Amino acid sequence: MNGVQIPHTPIAVDFWSLRRAASARLFFLSHMHSDHTVGLTSTWARPLYCSPITAFLLHRHLQVSKQWIRALEVGESHVLPLDEIGRETMTVTLMDANHCPGSVMFLFEGYFGTILYTGDFRYTPSMLKEPALRVGKQIHTLYLDNTNCNPALVLPSQEEAARQIVELIRKHPEHNVKIGLYSLGKESLLEHLALELQTWVVLSPRRLELVQLLGLANVFTMEEKEGRIHAVDHLEICRSAMLRWNQTHPTIAVLPTSRKIHSSHPNIHVIPYSDHSSYSELRTFVAALKPCQVVPIVSRQPYRNYFEDSLSPRLSVPLVPDSVQQYMSSSSRKPSVLCLLLQRKLKKPRTQGVVFESLEENADQSQAVSDSERAEKEDLSGNLEKQPSHHPLRIKKQLFPEVCSKEWDGAVPFPESQKILTAPLGFSMHLTSTDEEFLSPETGQETGVGPHSVPRGDNDGSAGSGNQSSWRGRESPLPQSSKAAPLLAPEFRGLALKYLLTPANFFQAGFSSRGFDQQVEKYHKSLLSQTSFDPTSI
């Protein structure tokens with residue numbers, strides 16, 4: 001990764017690791033080559049500054065949202081804030097880097113002095129004539145492209161290298177020509193070859209879109225047979241491909257690069273055409289600027305003190321204003337909205353064993369429970385006299401303990417391990433536990449009562465252990481309360497007494513709540529008719 005977070009500033013250039021650049025707030029992209037976009041993906045969600053062409057490519061090929069891309073015009077100066085209140089600002093100027101479409105150099109000016117970040121660039125004398133540089137500014141820190149910073153590596157100028165390629169192609173007038181390139185860069189070389197050799201250059205749809213955006217001459221096509229010069233990916237240039245191409249038509253290949261590449265086929269030609277400055281060009285550039293210090297951009301490239309004789313006296317480390325310090329540390333003191341929501345969520349007590357199911361799955365489970373109950377009843381039909389059943393009177397004792405007989409000590413089984421709560425959006429939520437759940441007489445809290453699900457059994461009203469698994473909660477539980485409360489309002493005590501005074505053997509199994517009330521009223525009406533009977537009337 002060729003990028004940096006500039007020390008003592010909130011500025012990061014070609015550096016996309018938020019973990020390693022925690023204090024960075026202003027992010028800049030010099031160009032779209034992959035070694036400068038490591039970590040930059042479609043999920044990027046912070047303001048990013050670049051040239052207009054890079055902005056187009058960034059959204060087009062990396063799918064970074066347009067809301068985060070800030071396109072700055074090349075050749076103009078732009079003022080950007082360095083804190084949250086606008087007290088500290090800096091000026092940034094973009095200059096053409098002569099490297100690939102959209103590539104720029106950044107000149108930063110602020111409390112930190114003057115910093116020039118070249119990115120990848122190929123030096124030309126016209127760069128020193130840029131208005132931002134020709135006024136004799138003192139460059140305090142120069143971040144320099146040191147790709148070819150090697151005195152042993154002698155490179156021709158781009159014009160000379162292009163002339164060598166043209167001569168090579170003219171020596172093979174009957175051959176097709178494959179130019180091996182990276183996905184971005186050297187489009188101006190292709191235009192030059194087309195115009196010099198009077199032929200169409202065949203491109204991929206992606207590169208054709210790019211040359212049309214750049215406004216180059218109309219010398220490009222996607223038709224394979226229209227031109228003899230084909231731009232292909234540099235990785236396609238290999239021995240097997242050369243053998244295959246030459247079986248159908250005589251073909252040569254050109255790799256325009258300054259890298260040392262071993263040619264695996266006699267028709268593969270490496271021409272030292274480079275988009276990076278040569279060592280001699282770097283020396284000229286640094287000598288003209290006389291910066292206080294030079295920092296290499298390419299960390300993997302060996303770098304020595306080649307420019308010590310061209311440097312100005314170094315300055316002391318700049319003091320970072322308080323507002324900028326607060327801005328750089330704001331993320332650690334002010335968590336994002338997402339972090340706050342996550343923290344609030346973690347603080348809430350978690351209910352164990354909660355599973356959300358769809359309505360269809362819940363219906364299937366209810367049907368399975370019903371089938372299980374039916375099977376249990378059939379198995380117990382022959383032993384009903386041996387196993388005492390659970391009568392509604394057992395529930396009444398728990399609901400109304402103050403009016404029940406003190407001698408009665410029957411147990412009241414309630415639904416087993418599941419109670420069904422109504423959840424939003426068409427889901428059911430099952431709270432699962434390993435113990436039976438009961439209604440507590442002390443607290444009055446209900447834990448899944450199913451008041452109208454009574455199994456068929458004996459009518460003697462005796463209490464026993466019974467088959468607790470036959471009790472299932474059929475309706476939603478009542479709201480729980482943290483305080484003890486009366487279980488029955490005074491106006492309903494008369495009806496409750498009627499329930500208690502109705503003999504158990506009067507009830508019929510398989511009733512509903514409404515049918516239960518009707519049976520109680522029927523019994524007490526019969527008592528009234530008997531008390532109003534006059535024997536002397538016979």
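Reply: Let's start with Thr43, which is found in the loop between β3 and β4 (48–50). Strands such as these are DSSP runs of E with at least two residues, while helices are runs of H or I with at least four residues, and both are numbered from the N terminus. Please keep in mind that this is a predicted model, where local features need pLDDT of at least 70 and side-chain atom pairs count only at pLDDT 80 or more, whereas totals for chains, interfaces and linings use all residues. Residues are numbered from 1 along each chain as its sequence is written, and side-chain values use heavy atoms, with hydrogens and water left out.

Is Thr43 buried or exposed? Thr43 counts as exposed because its relative accessibility is 67%; the cut-offs are under 20% relative accessible area for buried, over 50% for exposed, and partly exposed in between, using a 1.4 Å probe and protein chains only. The side chain of Thr43 also makes a polar contact with the side chain of Thr41, at 2.8 Å. A polar contact is a pair of N or O atoms within 3.5 Å; within protein, one must be able to donate a hydrogen and the other to accept it, and residues adjacent in sequence count only if both atoms are side-chain atoms. Further along the chain is Gln63: Thr43 and Gln63 are 20 residues apart in sequence, with 8.4 Å from C-alpha to C-alpha.

Now try another loop, the one between β2 (11–13) and β3 (26–28), where Asp14 lies. Asp14 has a relative accessible area of 0%, so this residue is buried. Look at its backbone too: phi of Asp14 is near 55 degrees, a positive value in a residue other than glycine. Most residues other than glycine have a negative phi.

Lys290 also has a positive phi, about 50 degrees, although it is not a glycine. You'll find Lys290 in the loop between α6 (279–289) and β17 (293–296). With a relative accessible area of 46%, Lys290 is partly exposed.

One last stop is Thr199, in the loop between α3 (187–197) and β12 (201–202). Thr199 counts as buried because its relative accessibility is 15%. Not counting residues up to four places away in sequence, Thr199 touches Ala194, Val219, Gly227, Arg228 and Ile229, where a contact means heavy atoms within 4.5 Å.

Stepping back, the protein chain has 13 helices and 20 strands, and buried residues make up 42% of its 538 residues.
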